[in-house]
Amino acid sequence: MSNLSLFKPFSLKSLNIKNRIVMAPMTRSFSPNGVPGDNVAAYYRRRAEGEVGLILSEGTVINRPASSADPNIPRFHGESALQGWQQVINGVHAAGGSMGPQIWHQGVMDNHHSGWLPLTPFEGPSGINRPDNTNGIAMSEKSIADTIKAFGDAAADAKSLGFDCVEIHGAHNYLIDQFFSENTNLRTDAYGGKTLAARTRFAVEVIKEVRRRVGDDFAIIIRLSQWKPYAYDSKMAATPAEMESWLQPMADAGVDIFHCSQRRFWEPEFEGSDLNFAGWAKKLTGKATITVGSVGLSGEFLAAFKGESSEPSSLEELIRRFDRGDFDLVAVGRPILADPNWVKKIKEGRTEELKGFSKEALMELL
Ligand SMILES: Cc1cc2nc3c(=O)[nH]c(=O)nc-3n(C[C@H](O)[C@H](O)[C@H](O)COP(=O)(O)O)c2cc1C
């Protein structure tokens with residue numbers, strides 16, 4: 001089967017990319033005191049040289065005192081960190097690539113293994129990050145308003161530094177996702193509620209503010225997941241109708257692209273159809289979508305954190321779904337983390353040179 005369809009260009013507003021392959025956002029914690037240095041810029045530049053269509057940065061935190069649980073996660077605020085990001089995007093553009101930062105508030109976290117803690121307590125909708133696990137405080141209306149503004153500031157900075165788009169991290173049980181979930185959002189005010197649609201209000205306000213700050217022509221992506229790190233099989237939306245009630249308000253608020261995080265892209269979302277999350281998101285909203293999850297690898301990424309290795313695998317099923325029109329873009333994580341030239345090798349059919357993934361790749365910025 002030919003890979004050619006993955007190498008057609010894609011344009012949407014500010015985004016003009018040479019192929020359909022996206023580097024998935026991957027936290028690396030290689031930015032001392034939150035400042036990305038030359039090594040981080042060189043790491044991303046190598047991916048642009050390796051012909052990744054769109055690079056999404058590792059999650060980078062917004063300007064809230066407790067937005068990060070790890071001092072080496074890069075910040076997306078403050079002069080020194082933004083200067084670092086300026087070097088990153090300059091390098092990516094010089095190599096002919098495109099990039100957007102993934103802007104992030106981690107919400108209520110478990111304490112970092114080093115013992116480091118942010119200056120103020122972790123904050124989230126209700127101070128919990130999974131059932132019965134309190135490790136922070138419930139946000140006041142003022143904290144919510146300030147956080148929404150901080151997302152807007154980060155998006156505006158992304159645009160003024162010259163990035164091609166911005167991605168809002170709304171997945172994986174971090175702040176925005178903690179608002180979506182009935183397990184972590186126990187609020188009884190306007191930011192809580194019995195339905196998923198009601199609990200989407202915080203995300204909608206973040207998206208509206210980001211849109212207001214970047215203007216109509218700057219592409220906005222939001223990353224979402226049905227699963228949670230503490231419950232792989234959970235579904236945020238149990239039916240297509242519930243999924244529509246979740247996604248459509250975000251589309252109306254200004255999202256251009258839904259980035260649908262799965263651990264394995266081939267797993268169907270609902271009974272009676274083989275469509276995956278990205279397939280449903282596109283069908284329900286008409287918006288562009290990104291799929292992700294074990295593309296080109298035999299094992300999924302959370303097992304990789306526990307030390308499981310993965311072997312290269314065929315792209316045939318991915319291309320069948322792509323050619324059917326299920327999604328517009330394909331994000332690839334670990335293969336591109338381990339090999340800056342993964343895209344080039346796929347394009348040129350050099351499959352015997354593909355390496356697979358083992359945990360050692362996480363130890364350095366290859
Ligand atoms: C080291 C590592 C760090 C990650 N950090 C993030 C992150 O910052 N933001 C995010 O949305 N997902 C993060 N993820 C998830 C990836 O973006 C991706 O969805 C996942 O690895 C599945 O893709 P893959 O099977 O191609 O690796 C991370 C994954 C890995 C392996």
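By class, the shell around the ligand is made up of ten nonpolar, nine polar and four charged residues; here Ala, Val, Leu, Ile, Met, Phe, Trp, Tyr, Cys and Pro count as nonpolar, Asp, Glu, Lys and Arg as charged, and the others, Gly among them, as polar. The ligand is surrounded by 23 residues, of which Ala-24, Gly-59, Phe-301, Gly-333 and Arg-334 are the closest. The model is predicted, so local features need pLDDT of at least 70 and side-chain atom pairs count only at pLDDT 80 or more, while totals for chains, interfaces and linings use all residues. Residues are numbered from 1 along each chain as its sequence is written.

Next come the helix pairs. Two packed helices are described by the angle between their axes and the distance between the axes. Helices (H or I, at least four residues) and strands (E, at least two) are DSSP runs, numbered from the N terminus. Axes are lines fitted to C-alpha atoms, for helices over the stretch in contact, and angles run from 0 to 180 degrees between N-to-C directions.

Helix H6 (residues 201–214) packs against H7 at an angle of about 20 degrees, and their axes are 8 Å apart. H6 and H7 are therefore roughly parallel to each other, the term for angles under 35 degrees, whereas over 145 counts as roughly antiparallel, 65 to 115 as roughly perpendicular and the rest as oblique. In H6, Ala-203, Val-204, Ile-207, Lys-208 and Arg-211 meet Pro-249, Met-250 and Ala-253 of H7. This contact of H6 with H7 has six nonpolar, no polar and two charged residues.

H7 (residues 240–253) also meets helix H8 (residues 277–285), where the axes come within 9 Å and cross at roughly 70 degrees. H7 and H8 are therefore roughly perpendicular to each other. On the H7 side, Pro-240, Met-243, Glu-244, Leu-247, Gln-248 and Ala-251 meet Trp-280, Ala-281, Leu-284 and Thr-285 in H8. Seven nonpolar, two polar and one charged residues form the contact of H7 with H8.

Finally, Gly-37 lies in the loop between strand S3 (21–23) and helix H1 (38–49). Beyond its neighbours within four places in sequence, Gly-37 is in contact with Ser-31 and Gly-84, contact meaning C-beta atoms within 7 Å.

Definitions and conventions
Two residues are in contact if their C-beta atoms, placed from the backbone, lie within 7 Å. A residue is near a molecule or strand if its C-beta atom, placed from the backbone, lies within 6 Å of it.
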